[in-house]
Amino acid sequence: MDALTIAMPKGRIFEEAYELLVKAGYDLPKELDDSRKLIVEAPNENIRFILSKPMDVPAYVEHGVADIGIAGKDVMLEHDRDVYELLDLGISRCYIATAGMPDTQMNKVSPRVATKYPKVASQYYRGKGEQVEIIELNGSIELAPMIGLADRIVDIVSTGKTLKENGLVEYEKIVDITSRLIANPVSYRLKQKRITDLVERLRKQAVL
Ligand SMILES: Nc1ncnc2c1ncn2[C@@H]1O[C@H](COP(=O)(O)OP(=O)(O)OP(=O)(O)O)[C@@H](O)[C@H]1O
Ligand SMILES: O=P(O)(O)OC[C@H]1O[C@H](OP(=O)(O)OP(=O)(O)O)[C@H](O)[C@@H]1O
């Protein structure tokens, strides 16, 4: 039987995802956690893990090099991918919001919005009928309003600590985010039994 290949996000989501799989009864190798290896086998489960950048998980799954994967809803909203979303795992909970310096208005012509999520941001402002200029950045988004690069940011908020420590305030919440189990449509058909078994086992553990 072919191994089931899972694209597993490194970084923030990893720990909660790993814990969920272990709670669901999967016997996973310890080294998944603490090695620099990018492909790790779980021989007792006939599963292979591809350890990926969180943003890249849907690409691996769409192209079929991973059968399934775990991806943040933020990533799914930002990049249209031809994958099935099978389950809300309820982990890595956070939300996307607008924020900026306190008491600042958006009433100038084409205010600037800095973000790592240009699609989510432009859809949001289009929905409100506001014309904005999107500035795409890759990190430390909170810097932008502090140094006069942008009037607002659209970014992830979790504890709110980063906003607070930098003197920014949240303006509007856009969307709640959790991690999702996603599948390649062809894999889902060919390996349906294994995948639905995994979904059922994870569903019982999902923190909703
Ligand atoms: N406070 C948070 N900040 C950012 N992402 C969070 C937060 N809480 C949960 N997440 C989830 O974790 C994912 C990002 O994980 P992580 O920060 O490890 O990746 P990254 O942004 O690619 O990291 P890097 O800083 O290495 O570029 C997001 O897609 C989101 O779904
Ligand atoms: O509300 P908080 O708990 O403070 O979390 C939110 C912060 O965490 C993320 O940044 P990250 O640490 O991933 O760094 P980045 O700016 O390089 O993306 C996000 O972009 C916010 O800056």
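1. Which residues surround ligand 2? In this predicted model, the shell around ligand 2 is made up of Gly139, Ser140, Ile141, Glu142, Asp155, Ile156, Val157, Ser158, Thr159, Gly160, Lys161 and Thr162. The largest share belongs to S9, with 3 residues.

2. Now to ligand 1. There are 15 residues around ligand 1, and those that come nearest are Gly11, Arg12, Gly72, Cys94 and Ser158. Helix H1 (12-23) and helix H4 (73-78) each supply at least two residues of the ligand 1 shell. By class, that shell has 7 nonpolar, 5 polar and 3 charged residues.

3. The place of ligand 1 in the fold is worth a look. Ligand 1 lies between domain 1 (4-92 + 178-205) and domain 2 (94-176), because both domains give residues to the shell around it.

4. Finally, a sheet. Five strands form an open sheet in the order S8-S7-S9-S6-S10, and their pairing is mixed. Strand S8 (133-136) and strand S10 (169-177) are at the edges with a single partner strand each, so one side of each has no neighbour in the sheet. From one strand to the next, the twist averages 25°.

5. Strand S7 (residues 112-115) pairs with S9 in the parallel sense over 3 bridges, and Val113 stands opposite Arg152 in S9.

How values were computed:
Residues are numbered from 1 along each chain as its sequence is written. Chains are lettered from A and ligands numbered from 1 in the order in which they are written. This is a predicted model: local features need pLDDT of at least 70, side-chain atom pairs count only at pLDDT 80 or more; totals for chains, interfaces and linings use all residues. A residue is near a molecule or strand if its C-beta atom, placed from the backbone, lies within 6 Å of it. Helices (H or I, at least four residues) and strands (E, at least two) are DSSP runs, numbered from the N terminus. Ala, Val, Leu, Ile, Met, Phe, Trp, Tyr, Cys and Pro count as nonpolar, Asp, Glu, Lys and Arg as charged, and the others, Gly among them, as polar. Domain bounds come from an automatic or database domain assignment. Two strands pair if DSSP finds at least two bridges between them. Axes are lines fitted to C-alpha atoms, for helices over the stretch in contact, and angles run from 0 to 180 degrees between N-to-C directions.
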